[in-house]
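Here are some worked exercises on charged pairs and sulfur links. Have your viewer ready and try each task before reading its solution.

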Amino acid sequence: MFLLGIAIQSLLLRRVAASVIPSDAQWAELNQTVGGRLYTSLPLAASCFSTVNGLPSTPNATECALVQQGYTQPDFRSTHYSAHMMPQWETCQSTVQRCLLNSNDPSDPTAWEDNECWQGAIASRYIDVRSEDDVLAALSFVNDTGIQFSIKASGHDYKGRSSFGSLSLWTRNLDSLNYSAVFLPEGGNETYPAITIGAGVPFEDVYAFAEENNITVVGGYHQTIAASGGWVQAGGHSILTPIYGLGVDRVASTLQYKIVTLDGVLRTVNNFQNSDLFWALRGGAGSTFGVVLESTMLVEPQMSLRVAAISFNQTADNARGFLELLVNNSYKWGQEGWGGHMGPASLINVNPLLTLEEAQASVQPIVDYALAQNGTAVVEDLASWQTFFAKYVESAEASVGVQTILGSRLIPTDPFFTDDDGKEALVDLMVKMVDTYAVNPYIIQGTPFLYNYTEGTTSVTPAWRNSLWQIGFHENMLYNATLETMFAQYEIVNNITSWMRELAPDSGAYFNEANPYEPDHEVTFWGDNYPALLELKNKYDPFKLLDCWMCVGWQGPADERYSCYLNISTDY
């Protein structure tokens, strides 16, 4: 393995200056090298259309029916390479070339009748990666040809970073899971309870595995997010984060990654070896420094949770009062260990520290408000994270198969939860979102508020460490949105994120859930950590084999691989 790595490293020294279209013989040789797991790809819904990529095609009614059935199901999308959870990243937005179904009614034939299906942003070929050897073979091929490539796991990507290129490395089937009560990091001398997770394993599998082993894994709020992919590498928030830290904190001071870096070397990365790269992978984000094969994270014992689930019908008259209660109570809740997801008329929060009686008393003002609106309120004790996840998260998680644009901002604790003027300004912002655009704020109390962080151990924006909330929001686009409509909906996202920056100009945003056209992205996503991250990017990827939208070392929107993004200025 090491010798193959050295061979690729020497090839990099004479890397081709420009992309060369690979010959059929080169593709065939690559396919043989990776055991026949190089595939050509077509859009997910191609079987429904009679014209595909400009050529006549015979629709396959059986396959089309299966796609219709699974179109808005995360497990279905997760197991198909060409599917992304946010399907605009399957399309070429700038030319409106796409192959989408109507997410409101996937059986609606007007989506494919008299419409053509286009490849859009989907890489034309992909390798179903099963080992580091596949990655090494791909890097050698990329080096020889100069083609662009991308990395995709589950497709939970709001910015198109796992789209585009002539070749994609699909890591969804790197599905190993292992728990050790006495995990010893390579080169270390102290053991820890830890779980090692392959790059493609979704959180629903991680949580079920954790339940079987009587442990708790701090992770994401969706079934099919890949635990070792972009979630953890860009930070990774959880509603358990207020006590137990971000995803990067779970690998921060004790554990490790396995990664193939772009010089063709399989590396173990932890505090004891390749420590500079270890720091970069704890916040510098995915698709940047190499191909992560697995991560090892600290785990907690299985824990019971106090859960508050509160909701009512939102009206023009009752949203502000509820938002004021959220703002006025969140600092206290943060001190008590609550984490959760909230909006103008709902709340699902959890707490592993309080007793049931303490939890009931803590949220009583919110309960009273909801019941006065003829809403519902449940405060209960659940035995484990998996019990909570199955009961609440799977029905509340973000929709998939819908073209969705996100925006977000981290909201500092001071002054927005400690000062009356700051609180009022925060409530005014959220009410303005609702009143101006009918856009509800999506509030996540998922910052590491109580976590005992060691300064400098991660590379995420420092704004995570002094914030109490992340406020997010989304705009949905219809499957057949016109170019004019798309620009208008991105403008709404830009306007709202501009208000957020004006409210908290010295804060930042979570890379994975931010506006795709966020200005000054280096500062917004990484703050003072960006120069060091860029230096490490240049060290481990000197020939820019990997590049993705607004990632560390991004070559900018003028690069040809970004021609399908809309030409929207970030100077707003």
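**Exercise 1. Which residue forms a salt bridge with Asp428, and which parts of the chain does the pair tie together?**

Solution. Keep in mind that this is a predicted model.

Step 1: Start from Asp428, whose salt-bridge partner is Arg320, with 2.7 Å between the closest N and O atoms.

Step 2: Asp428 belongs to helix 15 (residues 420–437) and Arg320 to helix 11 (residues 319–336), so the bridge ties together parts that are 108 residues apart in sequence.

Step 3: Check the accessibility. Asp428 has a relative accessible area of 35%, so Asp428 is partly exposed. Arg320, at 30% relative accessibility, is partly exposed as well.

**Exercise 2. Where do Arg37 and Asp134 lie, and are they buried or exposed?**

Solution. 

Step 1: Find the contact. The closest N and O atoms of Arg37 and Asp134 are 2.6 Å apart, in a salt bridge.

Step 2: Locate the two ends. Arg37 sits in the loop between helix 2 (24–33) and strand 1 (38–40), while Asp134 is part of helix 5 (residues 132–145), so this pair ties together parts 97 residues apart in sequence.

Step 3: Read off the burial. Both Arg37 and Asp134 are buried.

Step 4: A search of the whole structure gives 17 salt bridges.

**Exercise 3. At what relative accessibility does Asp263 count as buried, and what is the relative accessible area of Arg267?**

Solution. 

Step 1: Confirm the pair. Asp263 and Arg267 meet through their side chains in a salt bridge, at 2.6 Å from N to O.

Step 2: Recall that buried means under 20% relative accessible area.

Step 3: Apply this cut-off. Asp263 is at 10%, so Asp263 counts as buried. Arg267 has 17% and is therefore buried too.

**Exercise 4. How many disulfides does a search of the whole structure find, and what pattern do they follow?**

Solution. 

Step 1: Count them. The search finds four disulfides.

Step 2: Number the bonded cysteines along the chain. The pattern is then 1-2, 3-8, 4-5, 6-7.

Step 3: Take one of the links, Cys48 to Cys64, with an S to S distance of 2.0 Å. Cys48 is in the loop between strand 1 and strand 2 (51–52) and Cys64 in helix 3 (residues 61–70), so the pair links distant parts of the chain, 16 residues apart. Cys48 and Cys64 are both buried.

**Exercise 5. Is each of these links right-handed or left-handed: Cys48 and Cys64, Cys99 and Cys117, Cys548 and Cys551?**

Solution. 

Step 1: For Cys48 and Cys64, the angle about the S-S bond is 105 degrees and the link is right-handed.

Step 2: For Cys99 and Cys117, whose sulfur atoms are 2.2 Å apart, the value is -100 degrees and the link is left-handed. Cys99 and Cys117 are both buried.

Step 3: For Cys548 and Cys551, joined at 1.9 Å from S to S, the torsion is about -105 degrees, so this disulfide is left-handed.

Step 4: Cys548 is buried, with a relative accessible area of 2%, and Cys551 is buried at 1%.

Note on methods: Residues are numbered from 1 along each chain as its sequence is written. This is a predicted model: local features need pLDDT of at least 70, side-chain atom pairs count only at pLDDT 80 or more; totals for chains, interfaces and linings use all residues. Side-chain values use heavy atoms; hydrogens and water are left out. A salt bridge is a side-chain nitrogen of Lys or Arg within 4 Å of a carboxyl oxygen of Asp or Glu. Helices (H or I, at least four residues) and strands (E, at least two) are DSSP runs, numbered from the N terminus. Buried means under 20% relative accessible area, exposed over 50%, partly exposed in between (1.4 Å probe, protein chains only). A disulfide is a pair of cysteine sulfur atoms within 2.5 Å.
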